[in-house]
Structure formats: structure tokens, C-alpha cells
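Please view the sequence and the model before reading on.

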Amino acid sequence: MVIVNQQRVPRKRTYLMCSPEHFAVEYAINPWMDVTRPVDPELAVKQWDRLRETLVGLGHEVHLLAPEPGLPDMVYAANGAFSVDGTVYGARFKHHQRTAEAAAHRAFYESQGWRFIAPNETNEGEGDFAYLPEAHGGLILAGYGFRTELAAHAEAQEALGRPVISLRLVDPRFYHLDVALASIDDGNIVYYPGAFSAAAQKVLAQLFPDAVLAEAEDVLAFGLNLVSDGANVVLNSEATRLAGRLKAAGYTPIPVELAELKKGGGSVKCCIAELRH
Ligand code: ARG
């Protein structure tokens with residue numbers, strides 16, 4: 001057994017979240033959503049609030065987007081845009097039920113003076129894009145196969161001026177990149193190989209030889225849908241095995257309960273967009 005005793009250093013983050021006040025499962029656009037299973041919106045707000053407090057408690061800044069009635073998935077703020085170095089590449093949702101969310105995100109960024117690039121191609125923001133500032137000089141990882149179109153990867157590269165690595169997702173349960181892969185610090189990732197095509201697995205192994213690998217149990221518990229500041233890893237409380245593995249790698253796992261939001265097919269990361277100035 002290898003004993004890792006590495007000092008991980010956190011970096012302060014700025015996040016965007018949106019309260020699940022209007023959260024519901026009224027339609028099913030991913031395999032986790034079941035319209036016949038009731039959700040408890042009050043509990044959803046409570047659990048979401050704990051998540052927000054946890055991030056603030058870690059010293060991070062959390063901006064809030066006003067939730068809108070009729071947009072029950074708006075709580076999944078990660079999907080509304082993707083920002084790198086002060087530039088924002090806007091989202092364009094695949095499903096009509098979520099289309100209107102993009103404008104709300106755009107209005108937020110424009111009101112804050114960000115350089116906003118409107119998309120022509122279908123893409124679901126940080127749901128399918130991840131940024132690793134210290135990997136290979138600054139690398140964007142991008143998923144496709146279920147939501148984001150491959151053409152959006154090229155568009156994101158043109159918008160943001162960072163190399164985009166396209167990774168094909170192959171399991172409908174892991175329909176967004178951010179349920180199968182996460183950055184755990186500025187240069188490294190944790191991921192579940194089985195969510196990716198054989199070629200994409202090869203690409204990830206080549207680019208990230210030191211990645212933490214997760215197992216089916218971890219990804220099914222939404223453990224990979226996590227947010228890390230480089231030292232503290234906030235993740236779904238059901239992902240106990242992954243928490244242990246991250247701890248062994250020198251990170252501090254911080255479990256949060258998000259059972260209600262799991263009914264919509266999302267967890268920690270889905271609720272959080274990072275604002276990268
Ligand atoms: N119900 C939402 C959808 O299917 C969940 C989105 C989860 N967000 C994420 N970043 N993976 O679109």
C-alpha cells in the first residue's frame with residue numbers, strides 16, 4: 001500500500017447558485033427523473049442551503065441567480081454557461097423545457113460586466129465542460145454524446161482560446177461530463193472510465209496519468225458530481241467509498257446530503273457554476 005501524505009492547498013473560488021424554490025420533476029429528460037416520484041421542495045431548499053453554507057464556510061464567494069417559476073431545473077446552475085479567464089461561453093439547452101434558463105444566465109453575466117459569447121451550437125455549460133488551469137498549460141475537457149454537440153467543443157475553443165479535448169460519453173445514466181468526471185485540483189481529475197468510450201478512456205489516461213479513478217458504485221451515488229477547491233472536496237454523502245479514496249489521496253472530503261435534487265438527476269456540481277475571472 002502506498003501512503004500518500006501530501007499537503008493540498010485550497011484556492012478561493014467564486015460560484016453561482018440558484019435556489020430550488022421552484023424545483024420539481026415535471027418531465028423526464030434523463031434516466032434519473034421519474035415524474036411519478038414526489039419531491040419535497042422544502043427539503044430540497046434546506047439541503048441546497050446547507051450546500052451553499054458549506055461553500056461559504058470554506059471561504060468561497062457564492063453569487064445567487066434568481067429562480068424563475070416554470071423552470072424547475074434552474075437549480076442546476078452548472079448548465080447555464082462556462083467561463084474561463086473572464087470570458088463566458090453561453091449555453092444552449094438541448095431540451096425545450098430548459099431553453100429559457102440560458103437567457104437568465106446571460107443576463108447575470110452581462111450585468112456583472114463579463115465578456116459574453118453567445119453560442120450557435122447546443123451545449124449545456126459546465127455540465128459538459130470542465131477547466132483545468134494547470135493541466136498542460138490550461139485545458140478544457142468536454143463531453144458529448146447525450147446533450148452537448150461535438151460542434152460546440154470547437155465553438156468553445158474559438159470563444160475561450162484554450163485547447164478543448166473532446167470525450168465521448170457512452171452511458172445514458174451519465175449523460176453529462178460532470179456526473180462522470182471532476183477536477184479535484186487545478187491540474188488533476190477524478191473520473192469513472194466506464195462512462196467514456198474506449199478511445200476517450202485512452203485520451204484521459206494519457207493526459208492524466210495521476211488521476212484518481214472511481215468505480216461504478218461511486219458514480220452511481222453521484223459521488224463524481226463534486227466540487228473541489230484543491231483541498232476540500234464537497235461531495236454527495238452517499239459516496240462514502242469515493243470519500244475514502246479522496247482522503248487517502250490527501251484531500252478533505254466534505255459530505256453533503258442532496259437526496260431531493262438527485263431525483264432530478266443531479267448533485268453537488270450540477271448546482272454550482274464556477275465563475276472564472
Ligand atoms: N434535470 C436536469 C437535466 O436533465 C439535471 C441537470 C444536471 N446538471 C448537471 N450539471 N449534470 O437537464
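## The shell around the ligand

The shell around the ligand comprises 6 nonpolar, 6 polar and 4 charged residues. In this division Ala, Val, Leu, Ile, Met, Phe, Trp, Tyr, Cys and Pro count as nonpolar, Asp, Glu, Lys and Arg as charged, and the others, Gly among them, as polar. The model is a predicted one, in which local features need pLDDT of at least 70 and side-chain atom pairs count only at pLDDT 80 or more, while totals for chains, interfaces and linings use all residues. Residues are numbered from 1 along each chain as its sequence is written, and side-chain values use heavy atoms, with hydrogens and water left out.

In total, 16 residues surround the ligand, and the closest are Asn30, Arg98, His176, Asp178 and Cys270.

## Polar contacts and burial

Polar contacts here are pairs of N or O atoms within 3.5 Å. An oxygen atom of the ligand lies 2.7 Å from a polar side-chain atom of Asn30. For Arg98, a side-chain N or O atom is 2.6 Å from an oxygen atom of the ligand. Asp178 has a side-chain N or O atom 2.6 Å from a nitrogen atom of the ligand. Taken alone, the ligand exposes 350 Å², of which the protein buries 100%; these areas come from the Shrake-Rupley method with a 1.4 Å probe.

## Cavities

The whole structure holds 2 cavities of 30 Å³ or more. On a 1 Å grid over the protein atoms alone, a cavity is a set of points where a 1.4 Å probe fits but cannot get out, and lining residues have an atom within 4 Å of a point. The ligand takes the space of the largest cavity, as more than half of its atoms lie within 2 Å of the grid points. The largest cavity holds about 70 Å³ of space. Its lining includes Asn30, Arg98, His176 and Cys270, and divides into 4 nonpolar, 5 polar and 3 charged residues.

The second largest cavity has a volume of about 30 Å³. Among its lining residues are Pro20, Phe23, Leu71 and Val75; the lining has 7 nonpolar, 2 polar and 1 charged residues.

## The largest pocket

A pocket is an open set of points with protein on both sides within 12 Å along at least five of seven lines. The largest pocket has a volume of about 470 Å³. It is lined by 32 residues, of which Arg11, Arg13, Tyr131, Glu274 and Arg276 are the closest to its centre. The lining divides into 14 nonpolar, 5 polar and 13 charged residues.

Note on methods: A residue is near a molecule or strand if one of its heavy atoms lies within 4 Å of it. A polar contact is a pair of N or O atoms within 3.5 Å; within protein, one must be able to donate a hydrogen and the other to accept it, and residues adjacent in sequence count only if both atoms are side-chain atoms. Grid points are joined across faces, edges and corners, and a volume is the space filled by probe spheres set on the points.
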